[in-house]
Amino acid sequence: MRIFYVGRDVIGNMPRDLVRAVRPVPAHMVRMEDGVQPGAESKRIALYVHYSPTGQVSDMVRRQLSLLAGSGFSIVFISMAARIPEEDWQAVRGLCALVVQRQNFGRDFGAWHDMMPEIARRWADPIELMLVNDSVLGPIGALEPVIATMRTGGNGLFGLTESLQGGPHLQSYMLLARGRGAVADMMRFLTAMHISHSKWLLIQLGEIRLARWMRRRGHRVAAVFGYDRLAQAAAADPAQRQRLAKSYHRLKEFATLSDDEAAALLHDWPVNPTHHLWHLLATRFGGPFLKTELVMRNPGCLPGVAEWPAVVAADAPCPLPMLQAHLDTMRVA
């Protein structure tokens, strides 16, 4: 079944990809305006990709931007919404160095690719470059310690979670390149990357390939919540064992295995940590985010996802009413 959907995605988008290859289109910018926080001398830049079918920039997204600014980043906000209310546009300008509206093509990697010439023109020699998107709800826990943990790793490429599906890689909802060499190499990768209409190809050519490419360039690549660490914690937790045994037919014996055997099985049949291990991340590790796709659609029909509000504390940086209001902006009437 998966082969069918992947084939349909790649083959179905091939004609449009061929047209763009024959007739290259310049960067897909609709509108670009300086923000109130220009940060011309900044050495820490965050590229934040936004999409909403309503065009609204929710309070949750604004809170995320504010927290990133508080961690020292000058923010480039890139929205792929068809229309953005002017009030929301101006509110974002008050938080960011640059605000961009871009045609909805190529998802987050397409947006980051298109912004590379402008980033190179505006900011010389940055020491940190963060790639982030609004595909997550939160933060439901403190974000500052997570960013601090990334920074204590030295120079290299760092993410929050690691997936083994398709090969070891960092999941791209929040990535941080640190050190001039790592930043320059990530910008080089994004500039040269082929952008496709196909979601599957974008994941292969972007998210999965980036970690391998950075390792080949000699950079450290690491996750705050590494897959092996999560697998061992899940294997040692009876409640998590039960969740996983019910979530995936390959793991149906998970609850009856020894800890070592259970952890090994999670490597033999890797799962998506932001989906299958969401509860563990939120409750045991202080993971700051929940995947919006998981909460809204639960594509894997995983058990217990409807309980997600219970892991959001009343004093969370983004409390439950803020998260629910954000979800409302993501639903098409």
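How far is the sulfur of Cys318 from the closest cysteine sulfur? The gap is 15 Å, and the partner at that distance is Cys96. That is too far for a bond, because a disulfide needs the two sulfur atoms within 2.5 Å. The model is a predicted one. By this rule it holds 0 disulfides.

Cys318 is also buried, at 0% relative accessibility. Cys301 is exposed instead, with a relative accessible area of 65%.

Now turn to the helices, starting with H6 and H7. Helix H6 covers residues 180-192, and helix H7 covers residues 199-216. Their axes lie 11 Å apart and meet at an angle of about 140°. That angle makes H6 oblique to H7, because only values over 145 degrees count as roughly antiparallel. The crossing of these two helices is right-handed.

Which residues of H6 meet H7? They are Ala182, Asp185, Met186, Arg188 and Phe189. On the H7 side, the contact uses Leu205, Gly206, Arg209, Leu210, Trp213 and Met214. Sorted by class, the contact of H6 with H7 has 7 nonpolar residues, 1 polar residue and 3 charged residues.

Asp185 deserves a separate look. This residue sits in helix H6. Is Asp185 buried or exposed? Its relative accessible area is 6%, so Asp185 counts as buried, the limit being under 20%. Set aside the neighbours within four places in sequence, and Asp185 is in contact with Trp213, Met214, Arg217 and His219. Trp213 and Met214 belong to the H7 side of the helix contact described above.

Helix H8 spans residues 227-235, and helix H10 spans residues 259-268. What angle do H8 and H10 make as they pack? The angle is about 135°, with the axes 8 Å apart. H8 and H10 are therefore oblique to each other. Their crossing is right-handed.

From H8, the contact draws on Tyr227, Asp228, Ala231, Gln232, Ala234 and Ala235. From H10, Asp259, Ala262, Ala263, Leu266 and His267 take part. By class, the contact of H8 with H10 divides into 7 nonpolar, 2 polar and 2 charged residues. Among the charged residues are Asp228 of H8 and Asp259 of H10.

H6 is oblique to H7, and H8 is oblique to H10. The H6 and H7 crossing is right-handed, and so is the crossing of H8 and H10.

How values were computed
Residues numbered from 1 in each chain as written. Predicted model: local features only at pLDDT ≥ 70, side-chain atom pairs only at ≥ 80, totals over all residues. Heavy atoms only, no water. Axes fitted to C-alpha atoms, helices over the stretch in contact; angles between N-to-C directions. Helix = DSSP H or I, 4+ residues; strand = E, 2+ residues; numbered from the N terminus. Parallel < 35°, antiparallel > 145°, perpendicular 65-115°, else oblique. Left-handed = near helix turned anticlockwise from the far one by under 90°. Contact = heavy atoms within 4.5 Å. Buried < 20%, exposed > 50% of the residue type's maximum accessible area, 1.4 Å probe, protein only.
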